[in-house]
Amino acid sequence: DNGKLSAQGHFDYYQQEYSQFMGIDSNFNSSYAGLRVVYKTKKTTTKTSFKYGLNGYNKDDVISSVHIKYKPTENFTVGLEGSYKLIEPELYYKNFTSNHFKWVNDSLEKEQTIYFGAKVKLEKYRLTLFANAKLRDNFMYFDTLVNLKQHDFATRNISLGVEKDYRIY
């Protein structure tokens, strides 16, 4: 850390207990290695993070993000952000037992999410404009018969918005 540039490596270890009323009682773990980098100037701040699953249940998972904030004046801010996630489905999606349902889904693929967002904030007018786009692939859902399914094609979500704060007196 030299005031402008900060870098931090990290190692995370998770041990989780998974138990259900009927059936499965187990422990599983995951290890991650990661890096966080922050770069600051007078008008910009850039934050990045990257995390990779080394072993265990979440082996080969990827979680990454970048956030950029540009503030040329006190009344004007532009923000950009993006992220990429490739994560293993939760264990209860793969193996579940209860009074009314039971499933074993060993063939589930990792869920993938790509996200981009932009925001413009005008402090003087208390106005914010934003746009977001998300691409999701292999996400889990329950159908109308409450059977677990994995979406087999990518879906897109795009949102645009305006926020305005008002002040009375």
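Guide: One term first: strands are DSSP runs of E, at least two residues long, numbered from the N terminus. Ser64 belongs to strand 4, which covers residues 62-73. Keep in mind that this is a predicted model.

Visitor: OK. Is Ser64 buried or exposed?

Guide: Ser64 has a relative accessible area of 18%, and buried means under 20%, so Ser64 counts as buried.

Visitor: What is Ser64 in contact with, leaving aside neighbours within four places in sequence?

Guide: With those neighbours set aside, Ser64 contacts Ser49, Phe50, Gly82, Ser83 and Tyr84.

Visitor: How do strand 3 and strand 4 pair?

Guide: They run antiparallel, over nine bridges. Within that pairing, Thr45 is opposite Lys69 of strand 4.

Visitor: And what about strand 4 and strand 5?

Guide: Strand 5 takes in residues 76-87, and its pairing with strand 4 is also antiparallel, with 10 bridges.

Visitor: How many residues does the hairpin between strand 4 and strand 5 go through?

Guide: Two residues. The hairpin of strand 3 and strand 4 has five residues between the strands.

Visitor: Which residue in that turn has a positive phi?

Guide: Asp60, with a phi of about 70°. Asp60 is not a glycine, and it sits in the loop between strand 3 and strand 4. Its relative accessibility is 34%, so Asp60 is classed as partly exposed.

Visitor: Where is Arg126, then?

Guide: Arg126 is in the loop between strand 8 (111-122) and strand 9 (127-137). Arg126 is not a glycine either, and has a positive phi of about 50°. Arg126 is partly exposed, because its relative accessibility is 34%.

Visitor: Back to strand 3. What does Gly56 touch, not counting residues up to four places away in sequence?

Guide: Gly56, in strand 3 (residues 44-56), touches Asn29 and Ser30 on that count. Gly56 is partly exposed because its relative accessibility is 36%. The C-alpha atoms of Gly56 and Gln15 are 9.5 Å apart, and the two residues are separated by 41 residues along the chain.

Visitor: New topic. Which residues make up the largest nonpolar core?

Guide: Five residues: Tyr93, Trp103, Leu108, Met140 and Leu148. In soluble globular proteins, nonpolar side chains tend to be buried together.

Visitor: What does Met140 touch, with residues up to four places away in sequence not counted?

Guide: Among the residues Met140 touches are Tyr93, Leu108 and Leu148, along with Pro89, Glu109 and Lys149.

Definitions and conventions:
Residues numbered from 1 in each chain as written. Predicted model: local features only at pLDDT ≥ 70, side-chain atom pairs only at ≥ 80, totals over all residues. Heavy atoms only, no water. Helix = DSSP H or I, 4+ residues; strand = E, 2+ residues; numbered from the N terminus. Buried < 20%, exposed > 50% of the residue type's maximum accessible area, 1.4 Å probe, protein only. Contact = heavy atoms within 4.5 Å. Core = buried A, V, L, I, M, F, W, Y, C linked by side-chain atoms within 4.5 Å. Pairing = 2+ DSSP bridges.
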